[in-house]
Amino acid sequence: DGSPAAEAGLREGDRLLRAGGIDGSCFVSIEESLVPLIRAHRDKPLEVDVLRATAGSALPSRLRLSLLPHEWSGNGLLGCVLHPVI
């Protein structure tokens with residue numbers, strides 16, 4: 001779809017483990033933790049670690065991706081919707 005998230009290889013269903021220096025130990029909420037981080041990295045690479053389900057494997061794969069939040073033809077700086085996993 002041409003979004004920054006898609007360009008980085010982020011897929012629907014990926015579980016975000018870490019974004020920059022933010023992981024589960026210091027995560028408060030998407031609005032308080034991730035939105036300011038993403039805005040601070042506008043036009044700058046932001047490393048993220050994700051867990052991705054792998055076809056044919058019982059265990060998900062851990063991947064490191066480099067996001068580049070930036071303005072594009074769609075909504076937001078990433079072009080994806082983040083949902084907290086409870």
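## Pockets

On a 1 Å grid over the protein atoms alone, a pocket is an open set of points where a 1.4 Å probe fits, with protein on both sides within 12 Å along at least five of seven lines. Its lining residues have an atom within 4 Å of a point. The model is predicted: local features need pLDDT of at least 70, side-chain atom pairs count only at pLDDT 80 or more, and totals for chains, interfaces and linings use all residues. Numbering starts from 1 along each chain as its sequence is written, and side-chain values use heavy atoms, without hydrogens or water.

The lining of the largest pocket has 33 residues. Nearest its centre lie Asp14, Arg15, Leu16, Leu82 and His83. Two or more lining residues come from each of α1 (4–8), β1 (15–19), β2 (22–23), α2 (30–40) and β3 (46–52). These elements are DSSP runs numbered from the N terminus: helices are H or I with at least four residues, strands E with at least two. β1 gives the largest share, five residues.

The largest pocket has a volume of about 760 Å³. A volume is the space filled by probe spheres set on the points, with grid points joined across faces, edges and corners. The lining divides into 21 nonpolar, five polar and seven charged residues. Here Ala, Val, Leu, Ile, Met, Phe, Trp, Tyr, Cys and Pro count as nonpolar, Asp, Glu, Lys and Arg as charged, and the others, Gly among them, as polar.

The second largest pocket has a volume of about 260 Å³. It is lined by 13 residues, with Val35, Ile38, Leu77, Leu78 and Cys80 closest to its centre. Nine of the lining residues are nonpolar, three polar and one charged.

## The sheet

Four strands form an open antiparallel sheet in the order β2-β1-β3-β4. Strands count as paired if DSSP finds at least two bridges between them. β2 and β4 (61–67) are the edge strands, each pairing on one side only.

β1 and β2 pair over two bridges, antiparallel. Ala19 has Ile22 in β2 as its bridge partner. Two residues separate the strands of this hairpin, where Gly20 takes a positive phi near 60 degrees. On the other pairing, β1 and β3 run antiparallel, joined by four bridges. Arg15 has Leu51 in β3 as its bridge partner.

## Salt bridges

The model has seven salt bridges, each a side-chain nitrogen of Lys or Arg within 4 Å of a carboxyl oxygen of Asp or Glu. One of them joins Asp14 to Arg52, with the closest N and O atoms 2.8 Å apart. Asp14 lies in the loop between α1 and β1 and Arg52 in strand β3, so the pair ties together parts 38 residues apart in sequence.
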